[in-house]
Amino acid sequence: MSPAGPVRLLQLSDTHLFADPDKRQAGVNVRDRFNRTLAAMKPWAAHAHGLLHTGDLVHDESAAGYDDLAAQLATLGLPGRVIPGNHDDPRQMARAFAGPLITTGRSLVVRDWTVIMLNTQIPGAVPGALAEGELAALDEALEALTTDHVIVAMHHPPIPVGTPWLDAIALQRPAALQARIEAESRIRAVLVGHIHHPVDRPWCGARVISAPSTAADFCPGAADFTRGEAPPGFRWLDLGPGGEIDTGVVWATHG
Ligand SMILES: [Fe+2]
């Protein structure tokens, strides 16, 4: 990709890997689906600038699961950042993702764009929230900003997506984040996972964008937990110098 082209990021989410490669989540083999997605990402990675994983990396919090995921993602050859979802063990994440390319760092800067990673995990709970420390870190990062445009990346969506059982376990008390989005026009999007299907919605002058899961698909609109039949996949985002975001999902339809 030419230096004058957009900044291209790849977003992966909700991989839910187990130490046991044959283990299933919600009836699907998560390892097979992850492998298919990784294979589909490889040609995109050759023309991308960064990788983001928006949480629920490993389902069983196993050291082997994190080590394996770190080794697999390193093969993409991209700098990247990972944040915890409700299923993750942040200590294992910090140990396994110690770099050099992919880390648990607070931000990733590529040209005109800064991605700020926020941890929405409430230990022991399924819904998420931004603790005071995370909000303070967001304020500090915005204060120190050296780029014209910002993406905030976190696990739990800050808005309802129209799927009642998922909306009940989304980000709690989103008003503090909403106030910052409304006050800071450089924040162009909030990237999330957790809901296991893609959305792209306007929110307070920015957008809330999610990636599909590489594990089980969750059916949009379902009142109660319902597995969907979508294949695994990842999201690409092309970020322009004027703050524009072009984005889409690649489905890993073939094994
Ligand atoms: Fe998940």
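By buried I mean under 20% relative accessible area, with a 1.4 Å probe and protein chains only. As a reminder, side chains in a regular strand alternate between the two faces of the sheet.

Quick caveat: this is a predicted model, where local features need pLDDT of at least 70 and side-chain atom pairs count only at pLDDT 80 or more, while totals for chains, interfaces and linings use all residues. Numbering runs from 1 along each chain as its sequence is written, and side-chain values use heavy atoms, with hydrogens and water left out.

Back to S13, residues 233–239, where 7 of 7 residues are buried. Strands here are DSSP E runs of at least two residues, helices are H or I runs of at least four, and both are numbered from the N terminus.

Which strands pair with S13? One is S1, residues 7–12, which runs antiparallel to S13 and is joined to it by 5 bridges; pairing takes at least two DSSP bridges. Val7 has Leu239 as its bridge partner. The other is S14, residues 245–251, also antiparallel to S13, with 7 bridges. There, Arg235 sits opposite Val249.

Now the helices. H1 (residues 30–45) packs on H2 (residues 63–74) at about 20 degrees, axes 11 Å apart. The axes are lines fitted to C-alpha atoms over the stretch in contact, and angles run from 0 to 180 degrees between N-to-C directions. So H1 is roughly parallel to H2, a label for angles under 35 degrees. Who touches whom? Arg31, Phe34 and Leu38 of H1 meet Asp68, Leu69, Gln72 and Leu73 of H2, contact being heavy atoms within 4.5 Å. By class, that contact has 4 nonpolar, 1 polar and 2 charged residues. Asp, Glu, Lys and Arg count as charged; Ala, Val, Leu, Ile, Met, Phe, Trp, Tyr, Cys and Pro as nonpolar; the others, Gly among them, as polar.

Last pair: H4 (residues 132–143) and H6 (residues 175–183) pack at about 10 degrees, with axes 11 Å apart, so H4 is roughly parallel to H6. Leu135, Leu138 and Asp139 in H4 meet Ala176, Leu177 and Arg180 in H6. That contact has 4 nonpolar, no polar and 2 charged residues.

Definitions and conventions:
Angles under 35 degrees count as roughly parallel, over 145 as roughly antiparallel, 65 to 115 as roughly perpendicular and the rest as oblique. Buried means under 20% relative accessible area, exposed over 50%, partly exposed in between (1.4 Å probe, protein chains only).
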